[in-house]
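Have a go at each task before you read its solution.

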Amino acid sequence: MVRWIVMLFLNGAALLYISSWFESIRVANFGVAVWAALVLGLVNTMIRPVIMLLTLPLRIMTLGLFWFVVNAATFALTAFFIDGFDLGPWPDNIGTVIVAAALMSLFGWLIDLIFGKKKQ
């Protein structure tokens, strides 16, 4: 349980750090970032598998590159649910959202690699 809380706080810190890189992405404070990391985890657990199944033909046709669009969509859905987490004008900065979502995935993967469950 403690490991999960540490990972949640680290994901929140990663989101706050990523928001400092991009002008259009705004996170109000660390509490909002942790809350957004929790909601992003829930969206990725519950909604993302359905989206991945529905977009399977597109992912095959684009040789997997549509994964970035699905990733950005889950990131945007999280921003829609959380007050204080804003992605800016939506269609105008889709490239920024795609890059930020990919970076969040990369940081989440690194955090999970370092602090995830240990194999016995």
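This is a predicted model: local features need pLDDT of at least 70, side-chain atom pairs count only at pLDDT 80 or more; totals for chains, interfaces and linings use all residues.

Residues are numbered from 1 along each chain as its sequence is written, and side-chain values use heavy atoms, with hydrogens and water left out.

**Exercise 1.** Describe how H2 packs on H5.

Step 1. Helices are DSSP runs of H or I with at least four residues, and strands are runs of E with at least two, numbered from the N terminus. Helix H2 covers residues 30-46 and helix H5 residues 66-81; their axes lie 9 Å apart at an angle of about 130°. Axes here are lines fitted to C-alpha atoms over the stretch in contact, with angles from 0 to 180 degrees between N-to-C directions.

Step 2. That angle makes H2 oblique to H5 (under 35 degrees is roughly parallel, over 145 roughly antiparallel, 65 to 115 roughly perpendicular, the rest oblique).

Step 3. On the H2 side, the contact (heavy atoms within 4.5 Å) is made by Ala36, Val39, Leu40, Val43 and Asn44. H5 contributes Thr74, Phe75, Leu77, Thr78 and Phe81.

Step 4. Sorted by class, this contact of H2 with H5 has seven nonpolar, three polar and no charged residues.

**Exercise 2.** Now work out how H5 and H6 are arranged.

Step 1. The axes of H5 and helix H6 (residues 94-115) come within 8 Å and cross at roughly 90°. The two helices are therefore roughly perpendicular to each other.

Step 2. Among the contact residues are Trp67, Phe68 and Phe75 of H5, and Val97, Ile98 and Met104 of H6. The contact of H5 with H6 divides into 11 nonpolar, two polar and no charged residues.

**Exercise 3.** Which residue forms a salt bridge with Asp86?

Step 1. A search of the whole structure finds one salt bridge (a side-chain nitrogen of Lys or Arg within 4 Å of a carboxyl oxygen of Asp or Glu).

Step 2. The partner is Arg26, with the closest N and O atoms 2.5 Å apart.

Step 3. Arg26 sits in strand S1 (residues 26-27) and Asp86 in strand S2 (residues 85-86), so the pair ties together parts 60 residues apart in sequence.

Step 4. Arg26 is partly exposed at 42% relative accessibility (buried is under 20%, exposed over 50%, partly exposed in between, with a 1.4 Å probe and protein chains only). Asp86, at 33%, is also partly exposed.

**Exercise 4.** Which residues does Leu16 touch, not counting those up to four places away in sequence?

Step 1. Leu16 is in helix H1 (residues 2-21).

Step 2. Leu16 touches Val27, Asn29, Phe30 and Ala33.

Technical notes:
Ala, Val, Leu, Ile, Met, Phe, Trp, Tyr, Cys and Pro count as nonpolar, Asp, Glu, Lys and Arg as charged, and the others, Gly among them, as polar.
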